[in-house]
Amino acid sequence: EPNRVIHRHCSSCSAATHRDIYYKRLTPVPPQSAFTGYATDFVNLFTDNWMTTPNNVLNVDFKLYSTYDDAINDVNGWTYCNYDDPTVGF
């Protein structure tokens, strides 16, 4: 099974801790029919509308890490992330 890790790089992020973030999916990606709010699909959830719905809750549906190795080994996961701000992507 694939490792289900998405890497986000932000060269313009002022905090070094947020320049590279690894998103590891724990639960299945919601079906297209579940996207009825701000996020219109799974790609939009990342690029434009980082929301908790549908099924996008930290440490329930996904985990965040600062390195790929941490994500693969499930160590040093983040304990907080900010979301539910329309027009702000991951």
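How many disulfides does the structure hold? The count comes to one disulfide, where a disulfide is a pair of cysteine sulfur atoms within 2.5 Å. Before we look at it, note that this is a predicted model, in which local features need pLDDT of at least 70, side-chain atom pairs count only at pLDDT 80 or more, and totals for chains, interfaces and linings use all residues. Residues are numbered from 1 along each chain as its sequence is written, and side-chain values use heavy atoms, with hydrogens and water left out.

The disulfide joins C10 to C13, with an S to S distance of 2.2 Å. The torsion about the S-S bond of C10 and C13 is about 100°, so this disulfide is right-handed. Both C10 and C13 are buried (under 20% relative accessible area, with exposed over 50% and partly exposed in between; 1.4 Å probe, protein chains only). C81 is in no disulfide, and its nearest cysteine sulfur, that of C13, is 14 Å away.

Now for the aromatic rings. There are twelve aromatic pairs; rings of Phe, Tyr and Trp (its six-membered ring) pair if their centres lie within 6.5 Å, and planes under 30 degrees apart count as stacked, over 60 as edge-to-face and the rest as tilted. Take Y23 and F90: their ring centres are 6.0 Å apart and their planes stand at 70°, so the pair is edge-to-face. Y23 counts as buried at 1% relative accessibility, and F90 is buried with a relative accessible area of 13%. Ring pairs link Y23 and F90 into a cluster with F42, F46, W50, F62 and Y83.
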